[in-house]
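This briefing walks through selected features of the structure shown below, taking strand pairing, helix packing and a chain interface in turn.

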Amino acid sequence: MSAIPLSDIRPLGATVGKKVLLAVTGLVMYGFVFIHMVGNLQLYAGPEKINHYGELLQNAKPLLWTARIVLLAAVGIHILLSLQLWLKNRAARPVKYSHQDYQAATYASRTMILSGPIIGFFIVYHVLHFTVGWAHPDFVKGDVFHNVVVGFQNPFVSGFYVLAMVCLGFHLYHGAYSLFQTLGLRGPTVDKRLKVVLTAISMLIVIANISFPLSVLAGIVKLPAVSAPASASLAAGK
Amino acid sequence: MKLNGKCPTGPIDTQWSRYKNEIKLVNPSNKRKFKLIMVGSGLAGASGAASLAELGYNVEVFCYQDSPRRAHSIAAQGGINAAKNYQNDGDSVYRLFYDTVKGGDFRSRESNVHRLAEVSVNIIDQCVAQGVPFAREYGGTLSNRSFGGAQVSRTFYARGQTGQQLLLGAYQALERQIGAGAVKMHPRTEMLDLIVVDGRARGIVTRDMVTGKIESHLGDAVMLATGGYGNIFYLSTNAKGCNVTAAWRAHRRGAFFANPCYTQIHPTCIPVAGDYQSKLTLMSESLRNDGRIWVPLRAGDTRAPGQIPEAERDYYLERKYPSYGNLAPRDISSRAAKQVCDEGRGVGPGGRGVYLDLAESIARLGEGTIRERYGNLIEMYERITGEDPYKVPMRIYPASHYTMGGLWVDYNLMSNLTGLFVLGEANFSDHGANRLGASALMQGLADGYFVIPYTMGNYLATEKPPKVDLSHPEVKKVEAEVAERTKKLLSMKGKRSPDSFHKEVGKVMWEKCGMARNEAGLKEALQAIPAIREEFGKNLSVLGGEAELNQTLEKAGRVADFLELGELMCRDALVRDESCGGHFREEHQTPDGEAVRNDEKFCHVAAWEWTGEGKEPVRHEEALEFEFVHLATRSYK
Amino acid sequence: MSGNDLHLTLKVWRQAGPNVPGKLVTYDAPGISPHMSFLEMLDVVNERLQEKGEEPIAFDHDCREGICGMCGLVINGVAHGPRRATTTCQLHMRYYKDGDTIVIEPWRAGPFPVIKDLVVDRAPFDRIIAAGGFISVSTGNAPDGNAIPVPKSSAELSMDAAACIGCAACVAACPNASAMLFVSAKVSHLGLLPQGQPERKARVLRMIAQMDAEGFGGCTNIGECEAACPKEIKLENIARLNRDYLAAAVTRRPETGSGGAG
């Protein structure tokens, strides 16, 4: 054998390069998820606030579509590369151990390949549910508050949201931690604090997101009786 | 026959540089036309192969392990000597030369040793440049420690893993050449014979340990860097795979075996725990810097060490050798331990052990400092024995560790067999009758990096070895003999495993030809060993096939060679009717147990010639002359 | 034999050769002293097999003092067994109880095919080193050892990484059979020293390219490698490798010829 010419090496095609892309796309999505969560907190401020927020986003078309395209690309790349890496990783151990006893692996780290697809499926559902409305029983374009409350009144739908958010939590926890490792940003001094901060942020996102369906189910967030009598009577009729 | 070491003459400090100025050189564009064979990939083998490949030669390297990085040089712990005088404590090339000649009990060649001391400084530079992470001071300069047999601090170290780090440096240099296509590596390949054509070593016959394939490899010269034969004792600090086969096969083909009785017993090893014991583990001698060695004053004292008051302890090394104390040379320390155990004052199971006590140093320097210096050694001890050296003194006992004897070579590192070069521990050249601590790494790397590249060029340029190809009848003959021997080992269908024979001969050797020898014992051994060999020939069992990985077959071949070597060692020990260094004849000692040399009769190298199976070997002598260091009684008092 | 001896049941992977199927075979192992090392226990079992005319179990081993990196068994699902920072040869039977069943398997990874029983081929590690795991300094080129001061902290960190023995437990333990810890140890060892700087970027690119070509999996930052490593090589090294890799990928220039003119 002889030394590999540097010019033949495509850094982004290597496992490490792909991991970097996974990390970068993951970071984009992490940022989105965080902002999304913060925006959605306006649910607690009542229909006007959140509907206005929705309107604001809908009116900033160039921004909205840029964000959508970037996110779609990030999701696409993230899925494609993780599949490629997953296949390579599987191929690297063609014969399994009769028994393997993990010493350090966290549950989150070993289930990325499960939590990922669940979240992927969830995103599709979520878009159809709240953005496009195809998967919504009573979608009112522009009335975000109405759509959310009505959507979450179904305990199965809410249950799925909760499950997806738990998966997201695991995925974010290991993903964010990995991101620092993959981008080489970890060191002995940041390590411990990093874990605390990442755990906290991931938990915040999950708890806040889970609180939405739970609040609806618990009746803490409900449709205002005066402004939407039709919906109210519908609910009362049940 | 009087052997000629071909040493340069004249002032010792310019011999090597004059030699280098006078040798013939190979034109750079001609170097690639030569193919060289290197057997062994330890410090000497890897460094030699890499250096020769860097010069442009084609090199093929063979090792029995799965990777050249695993050669047993990797296990050396303590350090490597070099006359850098970085510590400003009066060290010099001359002093390292002097200490080594004296440490070897005046049984080595002055010229070789001086060259070794000279190139020691280049070795450190080379290793640093390769990225060996030697210990450093806060200012970034290299750190040193002191070691047995020297009164200056000249030992460079990388924690307790100096051998590992030096070997990785040489291994990386070797892999670089493999990557560049200049070296072809044959791992898991064992040399089983030497091919000699017209009086010249021209190649080797090997067995691929995975497929069982027997193959010949030819070259313009053959180099053996195959280590020592300390595993003859079965229990030693050597790796389980270390063996004498390559050297012994070369010996049977005509290479002289020099001073086989010079074996080094290392004073600080973990004692034997039971009869299942497969090897002994060395605790670096550097521990003697901060550990005090003692036994109870009274024989049969079975109290726990902590309950023996200071006044009832015998710090016997400090008592007997006040100026060197716990740092007395290895042979002296080992024998002193044997002596106190023979007196019934040994400690631990079986009473074959002495304490190495870190308590005082822990009190003086703090546990942190001790941990920093010896942490990994102490952990290793704890793993093996289940005892905590920070609380209880360690128990140590001597064990076979290194062999100063080996194939005879001249100043060029060439054996009496033209074209056969021998490097590192496998040759006999530099340590005389005893090797000082931290000198093995130095010698292995000196031979590989800085000696063989010159002497090999001189050989090739001078001799221009004629072409030989694989169809040569001699090649076919040796190959057939190897295949025959392998078949024979597989076909014996006896009852006993090779290991059982190894254990048996090892016990004889340890008892009769170990730390102390005497005429009666050696004669008994010379009766016992042929008997074991005969039983081996009748009752060996090797299961499994030839064309596959067969570890029992590998072992059987190696034990067969140990069974022949053992006899030669005892013979050499019997003829050498004096005590010197690691060879201690009980008949020749002072009233307080010090070795007594006989310079009049034995100031020479004994090199043995194989004359055939069942025939007496012939002993040749190479006279040793001491022009620059005066023959003196070695005293460490 | 004493009262403390253990009576064990071993389930050992037996495989006659590289391309034949293997299976776990059960052996009864009475009379095992707790002071034996794990490999000495296997020696005893092998000696008994030999007496019965059965072929002994093949396993790799050499120095038996935890430094050569030749030995390595997956013991009850853990590479090198249960003890932290311990190679198989340094593991002692005092960590087992009478009556225990011990499952012994070889390292399992696509790039490490089984040669026989518990012996695997680890040649890919050598090829990764040959691809760039060195400092290109030919014999004789070196300046004085003290010419370049190396901060003590760098030397120590470098030594931490250089302690890797190339046993491949990291690969064996990794759910992805990734060699990243091994590669990162070498990249860190050399990259932390001033001597290693000139080739730092090319080294990491080349070694990773070779690692991928050998068919190892990628790192998913799980940490099993670190837990299994007998020399306690840290995950931090992988972060360093990633950092170096990123820097190398970003700043890479095409190689230019450097042939001297005359």
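Two strands are taken to pair if DSSP finds at least two bridges between them. The model is a predicted one, and the points below should be read with that in mind.

**Strand pairing in chain B**
- Strand E12 (residues 292-296) of chain B pairs with strand E14 (residues 354-357) of chain B in the antiparallel sense, over three bridges, and Ile293(B) has Leu356(B) in E14(B) as its bridge partner.
- Both strands belong to an open sheet of five strands in chain B, in the order E11-E15-E14-E12-E13 and with antiparallel pairing.
- The edges of this sheet are formed by strand E11 (263-269) and strand E13 (313-314) of chain B, each of which pairs on one side only.

**Helix packing in chain C**
- The axes of helix H2 (residues 123-132) and helix H6 (residues 200-214) of chain C come within 8 Å and cross at roughly 150°; because of this angle, H2(C) is roughly antiparallel to H6(C).
- The crossing of H2(C) past H6(C) is right-handed.
- Residues of H2(C) in this contact include Arg127(C) and Ile128(C), while those of H6(C) include Arg206(C) and Met207(C).
- By class, the contact of H2(C) with H6(C) has seven nonpolar, two polar and four charged residues.

**Interface between chains B and C**
- In this interface, 64 residues of chain B are in contact with 66 residues of chain C.
- Among the elements that give two or more residues to the chain B side are helix H3 (43-55), helix H5 (110-130) and helix H16 (551-575) of chain B, whereas the largest share of that side, nine residues, comes from H6(B).
- The residues on the chain B side divide into 24 nonpolar, 25 polar and 15 charged.

Note on methods: Residues numbered from 1 in each chain as written. Chains lettered and ligands numbered in written order. Predicted model: local features only at pLDDT ≥ 70, side-chain atom pairs only at ≥ 80, totals over all residues. Contact = placed C-beta atoms within 7 Å. Helix = DSSP H or I, 4+ residues; strand = E, 2+ residues; numbered from the N terminus. Nonpolar A, V, L, I, M, F, W, Y, C, P; charged D, E, K, R; others polar. Axes fitted to C-alpha atoms, helices over the stretch in contact; angles between N-to-C directions. Parallel < 35°, antiparallel > 145°, perpendicular 65-115°, else oblique. Left-handed = near helix turned anticlockwise from the far one by under 90°.
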